[in-house]
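The report that follows describes one protein structure in plain terms. Please keep the sequence and the model in view while reading.

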Protein chains: 2
Amino acid sequence: MAGVVGVVAEYNPFHNGHLYQLQQIKQAFPDDIIIVAMSGNFLQRGEPACLDKWTRTQEALQNDADLVVELPVLACVQPADRFAFGAVSLLSALGADKLVFGAEHSSYDFMSFARKVAGVHGEFHKYDESYARSFQTAIKKELGHAVDQPNDLLGLAYAKANYRLGEPLDLFPVQRVETSYHDQSLHKGAQIASASAIRKNFSLSKKTQKKLAPYLPQVSLNDLVEGPFVSWDDFWPLLRYKVVSSNLADLGQIYGMSEGIEYRIQEQTQRLPLDINFDMWVKKVKTKRFTYTHLARLAVAILLNISEQEVQAYNSEPYIRLLGFGGDGRKQLSRVKKNCPFPIYSRVSQDDRKEQLAVDYRAGKIYQLFNGVEQDAKRAPIVF
Amino acid sequence: MAGVVGVVAEYNPFHNGHLYQLQQIKQAFPDDIIIVAMSGNFLQRGEPACLDKWTRTQEALQNDADLVVELPVLACVQPADRFAFGAVSLLSALGADKLVFGAEHSSYDFMSFARKVAGVHGEFHKYDESYARSFQTAIKKELGHAVDQPNDLLGLAYAKANYRLGEPLDLFPVQRVETSYHDQSLHKGAQIASASAIRKNFSLSKKTQKKLAPYLPQVSLNDLVEGPFVSWDDFWPLLRYKVVSSNLADLGQIYGMSEGIEYRIQEQTQRLPLDINFDMWVKKVKTKRFTYTHLARLAVAILLNISEQEVQAYNSEPYIRLLGFGGDGRKQLSRVKKNCPFPIYSRVSQDDRKEQLAVDYRAGKIYQLFNGVEQDAKRAPIVF
């Protein structure tokens, strides 16, 4: 019987690396359906998506994805372990039996690692290092070797989520090639570049477009050119305003605000000269306990005005939002719909906006301030 | 014995009309000291000041004002009656025995009007007209004639405040000449234009400067040119973000939010195309119950994140903030300091920023986002 492969993705933007991954899946599991759990307009690493979720969904559907669902923004603002748990439970609820993901070390037996470190935590109370670093130290102690590459760590987070859920998925790590996650340069002759290298090098000039062409499907390049290409540069003035205009008690209610970091954030922000950008702001606010990514993610929570309670409400009652599907995706939906443990939304009604989808709707409205396109109201899933 | 004249002003910007008023006071009361209670960076009619409070203070001191104090932003976001009460009590606390103000009908006996209408209120529960209009109807019934011109109404509000305070001030209405409050055009050959006409016609072109020169002291024109000239155009994107990013419960906590207008405000704002401006926004949100000015003032409260509690705290414990003084102003300060019923701040300490001056400090930080100049921390009063 044909199976169902799950993929967790951002597609920020959709490039050749993503294309090859989907093609490899089709080769390895030619009869399987591919479900992509994609972050919406704000991403777990703490930034707005460069193109909106509909554009990126369309790109995925044109390149072998059968069904694209949105990882709710309340999953995306959480740290890796919780983000991974959200993604894996959502894919499993949609009937996935495999999870394919890129890893720096595809030879790792992630499930066996996960079983060993399931009970391992970092030390929350070490004030001179970040939780992430202390967690890595604990893992190393348990496994006898480090797991410290970004995709390996995310793979381990998926594996732990899978373990917690009773291992509904078989894990298939795929070796990442040619580029590292953090590599921001384009390598001549290569066909794959990191998404951040592509974003960093993108501009509207013809020359840039020619330079980027080897690394992206043509449709993705066209989408980038059509844009609008959104970044922290756009949202930074709003974030800054939000930080200086909030009183400290309200700032303290934002999800992820801990250890009194709101005092530091507000004070530093009040003091900064007006010509700094988001990147400089993070570096100014950073401490040994709060890494760049941690603060960037916190910045998304501040920008979107997300409270601790809203995140807890999502964690206790997750849901699925359809972004698009082809014929096979639709069949898979019909198969699982009846027994799916989570509600599946295909549209956002007036009531949904005020209830379970309120935060996604709010995030969409904020994204729309620069993207200009309605993200939720009256938007139906893309039928491919 | 020499007396003390109080003036309530915005100086947005300081023009010939203001200059003549101060000169007239000097003529009428040559030995008196002039104290100006000036709105800070956000004004009671619901807009940011075009130039910051320090620049406008300097202009006033150069033109016969002896002492300039700031009307705290928490006074400025309140409706006319409460705004007037804040201004009159502050001037009286500083020893003023006269209040000079412009009026469309300087022949009115404002104090006698005030005594007659002291107990008169509008009907809050008439859902098809604004409170302001219903109040005017009630006044007309009581007095036998309308009081419906903007400066006359403000004069009546001062008189009512004075009545409530036991009439510490003698009122001197001065006939407004040559221009009406709402007149937005410049009249050739005239020397006075309304502040809004000046703001509306201002631009950085040499031609504009020449056109405006007859209506302003040279120093004011220079200040406008030096700028930065701030307006709702600057703050509008932040206001819009604030409205769409807030949840309704928080929006409902903003000072002045009543009758569920927050629902209408958020819904209309979510729906509007991206290319509208502040003015179009107000017109879209307006109802029969909420006038343009009412909504503009509410917009300032939203932008500055001012809560009902913060306003109540100010009303029960007012304070005075010094912006600048000359020799006579300093002498007046020494005279009243000891027995002044309100605390007088000359600087904003670290603690003040978190305590009584927190909202002024916040408003300053928000204004600074476009003005670029620190408004409070380490700023001492201007000594002229």
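Helices (H or I, at least four residues) and strands (E, at least two) are DSSP runs, numbered from the N terminus. This is a predicted model, in which local features need pLDDT of at least 70, side-chain atom pairs count only at pLDDT 80 or more, and totals for chains, interfaces and linings use all residues. Residues are numbered from 1 along each chain as its sequence is written, chains are lettered from A and ligands numbered from 1 in the order in which they are written, and side-chain values use heavy atoms, with hydrogens and water left out.

**Backbone features in the loops**

Asn305(A) lies in the loop between helix H15 (292-303) and H16 of chain A. Its phi is near 60°, a positive value in a residue other than glycine. In chain B, Asn305(B) is placed in the loop between H15 and helix H16 (308-316), and this residue has a positive phi of about 55° although it is not a glycine.

Are these two residues buried or exposed? The terms rest on relative accessible area: buried means under 20%, exposed means over 50%, and partly exposed lies in between (1.4 Å probe, protein chains only). Asn305(A) counts as buried because its relative accessibility is 11%. Asn305(B) is likewise buried, with a relative accessible area of 11%.

Two peptide bonds also deserve attention. The bond from Gly227(A) to Pro228(A) is cis, with omega near -5°, and Pro228(A) sits in the loop between helix H10 (218-226) and helix H11 (232-245) of chain A. The bond from Asn12(B) to Pro13(B) is cis as well, with omega near 0°; the loop that holds Pro13(B) runs between strand E1 (4-9) and helix H1 (16-28) of chain B.

**A covered strand in chain A**

Strand E5 (residues 67-71) of chain A is mostly covered, since 5 of its 5 residues are buried. Two strands pair if DSSP finds at least two bridges between them. Strand E2 (residues 33-39) of chain A pairs with E5(A) in the parallel sense over 5 bridges, and Leu71(A) in E5(A) is the bridge partner of Ser39(A). E5(A) also pairs with strand E8 (residues 320-325) of chain A, in the antiparallel sense over 4 bridges. There, Arg321(A) in E8(A) is the bridge partner of Glu70(A).

**Two domains and two chains**

Chain A is divided into domain 1 (4-182 + 311-383) and domain 2 (232-308), with bounds that come from an automatic or database domain assignment. The C-alpha centres of these domains of chain A lie 25 Å apart.

The table sets out two interfaces.

A salt bridge is a side-chain nitrogen of Lys or Arg within 4 Å of a carboxyl oxygen of Asp or Glu. A polar contact is a pair of N or O atoms within 3.5 Å; within protein, one must be able to donate a hydrogen and the other to accept it, and residues adjacent in sequence count only if both atoms are side-chain atoms.

Between domain 1 and domain 2 of chain A there are 0 salt bridges, and 7 residue pairs are in polar contact (both at pLDDT 80 or more).

Between chain B and chain A the count is 0 salt bridges, together with 6 residue pairs in polar contact (both at pLDDT 80 or more).
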